[in-house]
Amino acid sequence: MDVKLINPFIDAIMNIMPQLGFQNVVKGKLSVGDQFVESKGITVLVGLTDQLRGNIAYNFTEATAMSIASKMMMGMPVATLDDLAQSAISELTNMVTGNAATRFEKDGLRVDISPPSLVVGEKFKLKVSSAKFLVVEMIADSLVIELNIGIE
């Protein structure tokens, strides 16, 4: 996979997270995964179709997902990852992936995205790609969001 294909996702996180109130957004570690992602607690899968095909799995701990959902809901306390908090996290992944798809389109690649599918739980694996994929950690105010990008 061409490493240039991850830049629209990194740029999307860098642009969107400050709009939600996060002050410090930086790129963390970059690594390579092999077919499966092991869930940290909350995993959201979004599919890519048309001229670019693949999946992106956003991986969070439950505590991170609750902190992000709280920030997205204007600081409303989030004690459990209920339906409203799950909807906020799904919307975040939809915004990031949609923003990246728009960037791909500006670069001449048509990309459609699927609705996000949120899975709650630890100790399961999710297949992101039939081959290797890139893992990018993004850190927003010390909260780690893991992006697992498998594009064919």
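1. The buried residues of α2 pack against α1, β1 (25-50), β2 (54-60), α3 and β5 (143-151), and they are T64, A65, M66, I68, A69 and S70. Here buried means under 20% relative accessible area, exposed means over 50%, and partly exposed is what lies in between (1.4 Å probe, protein chains only); contact, which is how packing is judged, means heavy atoms within 4.5 Å. Helices (H or I, at least four residues) and strands (E, at least two) are DSSP runs, numbered from the N terminus.

2. On provenance, this is a predicted model, in which local features need pLDDT of at least 70 and side-chain atom pairs count only at pLDDT 80 or more, whereas totals for chains, interfaces and linings use all residues. Residues are numbered from 1 along each chain as its sequence is written, and side-chain values use heavy atoms, with hydrogens and water left out.

3. S70 belongs to helix α2, which covers residues 62-72, and it counts as buried because its relative accessibility is 15%. When neighbours within four places in sequence are set aside, the contacts of S70 are with G75, M76, P77 and V78.

4. The packing of α2 on α3 has an angle of about 85°, with the axes 9 Å apart, where axes are lines fitted to C-alpha atoms, for helices over the stretch in contact, and angles run from 0 to 180 degrees between N-to-C directions. That angle makes α2 roughly perpendicular to α3, on a scale where angles under 35 degrees count as roughly parallel, over 145 as roughly antiparallel, 65 to 115 as roughly perpendicular and the rest as oblique.

5. From α1, N7, P8, F9, D11, A12, I13, I16 and M17 take part, meeting L92, M95, V96, T97, N99, A100, R103 and F104 of α3.

6. How many aromatic pairs does a search of the whole structure find? It finds 1, and in this pair the rings of F9 and F104 have centres 5.8 Å apart and planes at 65°, so the arrangement is edge-to-face. The rule applied is that rings of Phe, Tyr and Trp (its six-membered ring) pair if their centres lie within 6.5 Å, with planes under 30 degrees apart counted as stacked, over 60 as edge-to-face and the rest as tilted. Because F9 lies in helix α1 (residues 7-19) and F104 in helix α3 (residues 83-106), the pair ties together parts that are 95 residues apart in sequence. F9 is buried at a relative accessible area of 0%, and F104 is also counted as buried, at 4%.

7. M74, in the loop between α2 and α3, has a positive phi of about 60° and counts as exposed at 78% relative accessibility. S142, in the loop between β4 and β5, has a positive phi near 70° and is exposed, with a relative accessible area of 63%. For context, most residues other than glycine have a negative phi.

8. G21 sits in the loop between α1 and β1 and is partly exposed, at 26% relative accessible area. Not counting residues up to four places away in sequence, G21 touches K71 and D141, and its C-alpha atom is separated by 9.8 Å from that of A140, 119 residues apart along the chain. K71 in turn lies over the face of F22, at 5.1 Å from the ring centre; a charge sits over a ring if NZ of Lys or CZ of Arg is within 6 Å of the ring centre and within 35 degrees of the ring normal.

9. S114 touches V46 and G47, leaving out residues up to four places away in sequence.
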